[in-house]
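I opened my notebook to look up a few things in this structure.

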Amino acid sequence: MGQVDGGGDERDIPSPGPGEVVVEVHAAGIDAGLVHLLEGRPFPVKLALPLRGDRVLGIDIAGTVHSVGESVTAWAPGDAVFGAAQGLSGHGGLAEFARARSEHLLAQPSTLDQEEAAVVPVSATAALHAVRDAAHVAAGHRVLVLGAGGGVGHFAVQIAKALGAHVTGACSPGKAAMVESLGADVVIDYTTQDPLEAGPYDAIIDTGGHRPLRHMRRALTRTGAVVLVGSEPEGAPLGGLSRSLWAALVNPFTRHRLVMLNSSIGSQALQDLAELIEAGMLRPVIHARYPLEHVSTAVQQLGRGRGTGKTVITVAQPAEEAAWARFQRR
Ligand SMILES: NC(=O)c1ccc[n+]([C@@H]2O[C@H](COP(=O)([O-])OP(=O)(O)OC[C@H]3O[C@@H](n4cnc5c(N)ncnc54)[C@H](OP(=O)(O)O)[C@@H]3O)[C@@H](O)[C@H]2O)c1
């Protein structure tokens, strides 16, 4: 661990282990998973990932490479990268410096700024796994995205469109314009109309609302798929997990495909997302920006299953922007 004296502020700099990279973080994305960790809910989270000691959370990052560990050849100090920090093991992105596995970083796409790149990894990976790998969405499929205005949902709409599907996005009225702008063919305000009644769908990507499984199955084609990404039911000790476990039990006995998504960051998915981004087919929508010192407010505002697009935490300005800002203030 080293230290840097930033003219009054002293920052701890971790050392990279073998195969690791230390990134100077410029922006960090946050999402529902961080809220679960902080609140220890649903309760299995407490058992799987107990929060002990002095740990820095946060997975999504964009920044510049500060130093590289043994056997890292892909990156050199100064490279602009985005990807996943080791937030689950406590070396996460909600700090000036984060540790990441070398293979969990990519060069920042030329079409995104730092903040946009920072909000892609977790939510867009979940969307890609849900739409392409779990639901097997193909050209001409009719796809319903529940929670189309949320962190995962707004990526899912774009990925399903990129695969050539006819996409219906369900969201509350305040998010309708945004979902339409993402390319959804039909936008349904679920507060006045039941999107399940507008089926049948080849795939339902469920990121919000916690609708009963039997209702969603009635809205499917004969061999359609429901992918349960997540939901935030109030007062349920297992959260959305109980419904997902039920889906896994029923799945072997039906023609429908009922998938409980368990997405994790992988280098192939990040590369596929970067290709979609560079091709102009995928772009994050940032709804809220907070400086690092206001991260607790940001987490509170994220809400429980009511997010809009993505929330970004600005950690530090790149050196040249900081110098320019200082110059302008003179
Ligand atoms: N399985 C995995 O690997 C994985 C990975 C990432 C996330 N997740 C989980 O997936 C869930 C979604 O994550 P997120 O980051 O996208 O959360 P989010 O940003 O809060 O989005 C959830 C969206 O669902 C909408 N919604 C709520 N009730 C609805 C209903 N009845 N019908 C349609 N839409 C409704 C919400 O807003 P409105 O009500 O205002 O429309 C919100 O836009 C969370 O539970 C998260 O933990 C799981």
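**Entry 1: a side-chain pair**

Which side chain does the side chain of Asp 206 join in a polar contact? I looked it up: the partner is Arg 243, at 2.7 Å. A polar contact is a pair of N or O atoms within 3.5 Å; within protein, one must be able to donate a hydrogen and the other to accept it, and residues adjacent in sequence count only if both atoms are side-chain atoms.

I noted how the model was handled. It is a predicted model, where local features need pLDDT of at least 70 and side-chain atom pairs count only at pLDDT 80 or more, while totals for chains, interfaces and linings use all residues. Residues are numbered from 1 along each chain as its sequence is written, and side-chain values use heavy atoms, with hydrogens and water left out.

**Entry 2: around Asp 206**

I placed Asp 206 in strand β11, residues 201–206. Strands (E, at least two residues) and helices (H or I, at least four) are DSSP runs, numbered from the N terminus.

Is Asp 206 buried or exposed? Asp 206 counts as buried because its relative accessibility is 0%. Buried means under 20% relative accessible area, exposed over 50%, partly exposed in between (1.4 Å probe, protein chains only).

I then listed what Asp 206 touches, leaving out residues up to four places away in sequence: Leu 146, Met 216, Val 227, Leu 228, Val 229, Gly 230 and Arg 243. A contact means heavy atoms within 4.5 Å. Gly 230 is 24 residues from Asp 206 in sequence, yet their C-alpha atoms are 6.8 Å apart.

**Entry 3: the ligand**

I counted 26 residues around the ligand, each with a heavy atom within 4 Å of it. Ser 172, Tyr 190, Glu 232, Arg 306 and Gly 307 come nearest.

I checked distances to oxygen atoms of the ligand. A polar side-chain atom of Tyr 190 lies at 2.4 Å, and one of Lys 175 at 2.7 Å. For Gly 307 a backbone N or O atom lies at 2.6 Å. The ligand taken alone exposes 910 Å², and the protein buries 89% of that (Shrake-Rupley method, 1.4 Å probe).

Which elements supply at least two shell residues each? I found α1 (32–39), α5 (151–162) and β9 (166–171). Domain 1 (2–120 + 285–329) and domain 2 (122–260) each give the shell at least three residues. These bounds come from an automatic or database domain assignment.

**Entry 4: the whole chain**

I ended with totals. The chain has 11 helices and 15 strands. Of its 330 residues, 49% count as buried.
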